[in-house]
Every structure is written in structure tokens, then in C-alpha cells.
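Try each task before you read its solution.

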Amino acid sequence: MFDTAFVGPFLPEIVLLAATLAVFLLDVLEVRRIEISGAIGVVGVAIAFVLVAADLGFSPIAGLATIPASQIDAGGPTGLYAFTSLGLVFQLIFLTAAFLVGLASVSRPSGEKGAPIFFGLLTLATLGMLLVAIASDLIFLLLAIEVVSIPTYLLVAYTRKDERSLEAAMKFYIVGALSTTLSFFGASLLFGAYGTTNLTAIAGLGSAGVPTLVLLGYAFLIAGLAFKATLVPFHAWAVDVYDGAPNDVSAFLAGGTKKIAFFAFFLVFLGPILAVKATGGAILPFGGGPYNVGPVLQIALAVLAVVTMTVGNVLALLQKEMKRMLAYSSISQAGYMLIGITVATAPALAGATLQVFAHVLMKGGAFLVVAAVAGLGVGPLISDWKGLGTRRPFLGVAFALMLLGLAGVPLTIGFWSKFVLFSSAVEAQGYFVWLAVAGLLNSALSVFYYARVLKVMFFDTPDPSASLSPPAATASLAFGGLGYGRAAAIALAAALIVGIGVYPQPVLGAIQSAAQHFVLTGP
Amino acid sequence: MLPLISLMLATLLAGTVVTFLAGRSARWVALGVSALFAVEVGLLFLAFPGWPGYSSALVPGFAESESYAWVHLSWFNVNYTVGVDGISLVLILLTAILQIATVLYSWNETKRPAAWFGLVLLTCLGCFGVFVALDILLFFLFWEAVLIPMFFIIGYWGGPNRRYAALKFFVYTHVASIVMLVGLLALVFYSGAASFDYSAVYAAGHALPAVTQAFLFLALFFGFGVKFPIVPFHTWLPDAHVEAPTGGSVLLAGLLLKLGGYGLIRWAVFVLPAGFHLDTPILFFIAFLSIAWGSILSLAQRDLKRLVAYSSINHMGIVLLAIAVGSSLGLLAAVLLMFAHGIVSGLLFMVSGSAHHTFGTRDIASVGGATPTTPALTTFAMIGSLASLGLPALISFPAEFAALLATWDRLGYWVFLPLGILVVTAAFYLWMLQRMFFGPPRGIPPDAHDVPWYEGAGMGILVAFTVLFGILPGLLVTVILASPIQSFPGT
């Protein structure tokens, strides 16, 4: 009955499912203390992290591995799912995001309603993210994305009181439904063209499909996934949703769930692009005879990347509210990540993966700081943060590190991720060099709005009327209203930003070898 | 062998951390760290084969070099590689001198002293790192690491318009750094250098075609030139200098501007000699423009600090001119001039800071005849001004003389252009001295006092080195020549 050989590899997912069910069950039994449901959620995520890390073969815990080594990076059409080391790396990144957000959220005023729902939905969405990272079939992938999406629609509105949250949730849901529809339509066209939905099989068939169906199918898939990845011009929902959602949920959306779209990009587009590289074919998309969809895809993605980073940056420059500025900066960072899949070499994939990880720490961490600062009764405008750095040095320094990382200043993880990404584009030569130039110009531009926040936080004198005394609800928490969990999560994110920034070799080495396997064996 | 350079980096790093945490006793920690660093610089001189009588012209030739793997990936290798040659050694000496002088000068800092002294040490750490780094990324890391403490020094301790000045400084120099990084990376990827190490980059750069070298050189020149600063990218400098606190101005003029000159010589001129040769006319043009524009603007200043700031543009223009000459003598003069300008402009910024403390203004026209009230300040102002205008037996003289001699060798009568401008600037400094310190007393506040001991100590150290190396410039020349300069441009 119980096939351990089948169940074993899914142990991390099972742990998360168990945590989700436990939290919801306790809710039914009216055990709603935030410490209990929070602990279940955070510990569940932590156990899953250890199991995945063991599968990747990290030496002290490699004995806990549940996936046979022969099944990782096996290559070839495998059915619905396949374990790739890059997928496992992405699982670790997703679990890091969930862990940081969960840890921070334990520090809420204990009277707050909806805590079990929050943690249950968090672990459920994380489960979906893990499934995305092992997909090797288009339908499995899109269903896994839905497993992530539906809990996040609910997460945005879980407080059920704030009108802005409800509006954001509604917007998020409608756009999400549209995006799903587009993706499934694209998948159905590809199925019509190739007769299979297995991604490896599709990559292998290459130019055998019907050209019109293939191009249309990929176009709809790009549009559907671009909504999830907040690429311009499919980004408009993101700012309102990040702005309207509760702060911790914004951290999870921007730092966590959005990242599934980039792995989905890897899975869907790497095959057709690499097939082209192998054959070196000409661009003849609508003619008969041999054609290659790859160069068309690459140019489309390159244009999306440049437009996304530029528009995101320019709009971020104009923002007066902290959350909206971070949201637009998040859009521009998505443009950098897209460079990786456009260039589609092992170094580029490694760069994009590191950029995704860096963004989890920097943007997720930044939203956690925003949540902490909002908890202190500070307003939403950037100018409301005057003097925060000198009055609350811990929050100020941590936020400064996150912004410096986003700006790509050396000795932060953000520097290495951009460096690897841009140097991989230069190394690939051809028109990719211009992608690197566009990325660098945008990085230079972005320094403006990050430095402006530093100026406000550290140099401007606060208004005498502004108080930094937390409201009564949070005043009882440790660290002047922050609480242990939130303080620990912010400190952990900041420490990783600097720690990996100083010595990136272990992380980069692991990501690089995973990316090399991925390019060789495919999804 | 003792890993002396890493030890020095560790000294400054640990010293910075301890200073930040030291609270009220931060100044003692900072002084101790600066003294220890100075001792280590002394050891470095002793360990250096060029001291004295080192003649072997190694290319690229670095003594005391240490290398460890940092990030090794399939398509690039980054190492932690550090080392010194004569050029770096002289500038490291400058770092040690200015660090100790700045700590002493700002001994009585009352606004968050722990943070202040920590940031001063951090700035010096960054500059030291730039001078010893022999790997592109390590170099870039230290280069950028200088920006952040200076951003906070200007923005938190500066004058009324400090926030604008800090932001402008950060954005200007950061954009330039990115262009510089692009240039260096393009150099690596287009030449196919095996790693980011200086020796690999050096070999690969030499192998490139001259036209490619010329384009890369221009990118690097822009990146380094903004720090110089070259006209027309100089506008961050007056704002930053005038708004910065005195200690910040000393480090800015004394060290940060030198990073531009050092970077240009080390990473552009030596690595891309053919491109440098092709681009020489552009360098000459920019150099003359900077010299002329800097001195015209300095003539128009009524504020003592602005006067010193604009004359820095002028002096760094002469450094660029000496580099552009491209001969062994010219480069020697450029390095010597950077050292001299570091000491002298530091001294003059301290003088203007002290004048501001005691007179309540830096306006040259509104104070006069200060000598009876402030004899010590007058002495320092005299020595600084005379050194700045190139009086023999003070440090600028041998440097400027060598620079003009090298220009004469290359350009002939064109040398009268910078020479004439130097004479005008000299006259202006003398006029400033006459108005502020001599003649009948005027506009002196009743509570005016002479410089306190710590400000005097800071300025005294700089005066001592101004005189020492003014009389014995040969000590520096021997060291500087223990570098690729000795045989530049080679065969």
C-alpha cells in the first residue's frame, strides 16, 4: 500500500501539507494562539528546508536525503515531475522566503484575529512553490502555480477589515485569473502543435511543431507568466496589490511567490532557446521548412527585460510612498532576472538564480522592515521616515543594507548577483552585451532613489511632532515593539546579505553547478 | 613571510569596528589605530626592496604580494590579491599621515564622536585598499567602499547644504565607478584574460589592438576622471568640499582625489599604453581646461574654503598634464605632485576650518590683520599658502618643477600656459594672506583665540612632512621609481 520509494522524494512537500492541515485543524478546534500556529508553520518550513538541503547533498546533513541521487538531474522525458538540482536550489530559495516571513509574523499582537489562517495559507502557498520547482510538464507547472496563487489571493485579504486590502485582493484575483487563462490557452496551443505537454519532449521536438501554433502558444504563455513575474506592460496590478496588502504579505508576494514565475520561465523557454543554439538555425518563423522559434523568443524576452527594468526604475524614482517605491523597484529587478533566461547560458542562469535569491533577502527583508516601522506608527510616505536611522539604529542599518544591496553596492549579495548576471551577458557576446549595458545604466539610475531614502533616514531631522512610540497593541513586544521573531528575521536577512556579499563562493558554487546541470539535462 | 598588507587591512578593519563601539573613548581608539597603522607603514617601507637603492625594474613588479582564491567560477576567477610598488607605497604613506592628522585635528568632535572617528578610519581603510588591490573586483570593492563613509561624513557632519552635497557626491562618483567597472570588465572579456588579477589584465591589455585600447582607455579615463576631478565633471567637488566638515574635506582632497590619479596610472596608463598614446591629445586638452578653469574659478572666490577647493581642481589638472606627457619623468612628477597636494591641501583645509572656528567666518574680505590674535594660525596659513604656490624647500616645489620640466620636454613653449596660471594663483594666495592676516585688525570677533592644541598638532604633522620632503624629495623619488614608472613607456 505505502510505497516509500514514491513518497520519500516528496517528504518536504508532505511536511508542509501536514503543517497546513494541523494549523487549520487547530483553528477548527478553536486553538488560535498565534504562538502555536506560528510555531507549527515556521518549524514546518524549517524542516522542509533541511530536507531539501540534504537532497542537494550539503555535507553534514546529506544522510537525511530522501531523493536517490540517480533521480536528480536524470534528464530525458520523465512524466509530470523531475528533480533537478536547480529546482532544489529554487526550493531552498522559496523556503527561505517563507521562513523569513513566517518568523517575522510570529511577532504580532497576540489579540490579532486570523493568525491560523495566515500561517495555514503561508505553508500551503509554499507547498505550491515547491511543486513549481519540480515540474517538468506544462500542465503540472500551471496547476502548481495555481496552488500558489489561490492561497495568496486569500492572504492579501485575510484581515477582512481593511478596504484597501479587499480591493487589492479583488484586483489580484481578477488579474491572476486572466493570467491563468492566458497560460492555459497557450499550453493548449502548444499541445495542439506538438501533441505533448511534457516540457522536455517539447524541447526535443523543436521545429517539428506547427509554426503558427507554436508561436501563438509561446506568446500566450509569455503573457500569462509575465503577469505573475510583474513584467512591464503586465505589471500594473502589482503596485496596487503590494501597496494594499498587509505588509508581511507584501514581503511574501514580492520576495517569495513572484519568484515562481522566473523558474517557470526557465522551464518553459530554456528548451526552445537551447534547441536553437544546438542547430544554429535561421529565423524563419512563418515560412515552411526548418524554422526556429528560439531567436524570436530571445528577442521578445530581451525587449521585455529592457522595458521592464527601465520603466520600473523611472516610476520608482517618482514615488513618494515607501511601499510603492519598493514595489516599482521590485518590477525593475524582475527585468534584471529576465536577462538570465534571455541569454540562456549556464552562467546567465546562475546569475538569474542568485539574483532571485538576493531579491528574496533584500526586498523581502525591506518589506519586513516596512512592516516593523508601520508598527511603530510611522506614516506611509518616504518623508515620514525622517530621522528613523538615528532614532532606531537597528532598523535603520538593516534597511540601509537592504537598499545598498538592491543598488548593487559591493560587499552585498546584490553586487554579486548583478555582477554574475551582467558579466554572463557580456561573456555571451552578440547583442546580449547591450542587455548588460542597459542593466548597468539602470543600476546607476536606481542609486538615486535608494540613496534618497538613506538621506531621509539618516540626515534629515525628524518632525518634533512625530512620535516613534508604538501603539498600545504592539508596545508589549520585545525590542521596542518589534518582537523577537521580527527582529530575528530582519537580522537574519541583513546578515545573509552581507555574509554572502563578503564570501559568495559556497552559494555561487552550488548555484553554478546546478545551472550547468540544468542546461545540460533540461527540465 | 609576514602577510603585512593583510595585517594592515585587518588593523584598520578591526580598528574601525572597535571605534564604532567605543563610545566616549572612540578618539583614543582611533588615535591608537592610526598610530599602529603608521608603524605598519614604516615596517612596509623596511620590507620594501626599493628602500633604499632598489634598481631592478620589474614589470609589473610588485613586492610583498599576497594572493588567495576568493570566487572561482567557470567563466571568471576573482582572487584576493594585494601588493605594493613604489607608487602605492608613497600614497599609503600619505594615507597614514592624513589619517593621524585628521584624527588629531577633530579631537574635540562632539557630534556622535564614535561614528565620526569610525567613518574616518573606514574612509582610510577604503583608500588603503584601493592602493594595494591587485584584482579588478577587489579594487572596485575598495573604490566603492570609500563612497559610503564619505557620503555619511558629508551628509551628517557637513554644513547647511550638506544633504544636497552628499547626494550629488554619491551619485556623480557612483555613476563614474560603474563606467570604470564596465571598462575594466570589457578589458577582461574582450582580451580573454584568464583572471581578474592585475598581472593577467596587464598582459591581456598590452596584447589588444591599439584602437580597442584607445576606446577602453577613454571609458577608464571617464571613470577615474570624475574623481580627479576633470572639467566638465568637476561640479560635485566644490559642493562636497564646502559642505563637508573640515576632516571630511581633508580626506576628500588629500586622499579621494588621489584615487583617481592612482587608478588612471595603475589601471589605464600601464595596462593600455598604446591606447593611452592615441588618446594623449584628449588628455592634454582636458588637462589645460581643468588648469585654466580651476584657477579662473578660484580667482572669483571670496570664501577661503572655496578658494582651496577650486585650486584643487587646478592642481589636479597639473597632475593630469604630467600624466599625459607620458614619460618616466612626467609620471614621477604626477605621483610626487599627488603626494604634495595631499599634504598641502589638507593643511590649507585645516587652516580654513580653524579660521572659521575662531573668526566665525571664512569670508576673506571681512577679516583682516589677524596675526596678533592668532599667531600660530598665521604661521600655518603662511606655510600652507607658500607650499601651495611652490616655494622651494617646501614639498610642492620639486613636484611642480618636475611636472613643468616634463611638459617642456614634450610640448615646448606650451609650458608657459600652466606656468602663467601658476603665477596668477600664487599671487592670489599672497593677496589672501595679506588681507586676512596682515594689515590693520578688522572684523575680528572679541572672543577670537588661537588654534587649540589638537588642531595645531594636526596641522603641525602636515607642516613637518611639507618641510621634510621639501628638503629631501629624493627619499620619495627613490621609492616612486621602484615601479613600472622607471622604464615607462618602455620599448
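Two residues are in contact if their C-beta atoms, placed from the backbone, lie within 7 Å. This is a predicted model, in which local features need pLDDT of at least 70, side-chain atom pairs count only at pLDDT 80 or more, and totals for chains, interfaces and linings use all residues. Residues are numbered from 1 along each chain as its sequence is written, and chains are lettered from A and ligands numbered from 1 in the order in which they are written.

**Exercise 1.** Describe the fold of chain A in figures.

Step 1: Count the elements, taken as DSSP runs numbered from the N terminus (helices: H or I, at least four residues; strands: E, at least two). Chain A has 23 helices and zero strands.

Step 2: Turn to the contacts. Of those in chain A with a separation of 6 or more, 78% join residues 24 or more positions apart.

**Exercise 2.** Work out how α12 (residues 304-325) and α16 (residues 416-437) of chain B pack.

Step 1: Their angle is about 155 degrees, and their axes are 12 Å apart (axes are lines fitted to C-alpha atoms over the stretch in contact; angles run from 0 to 180 degrees between N-to-C directions).

Step 2: List the contact residues. B:Leu307 and B:Ile318 are among those from α12(B), and B:Pro418, B:Thr425 and B:Met432 come from α16(B).
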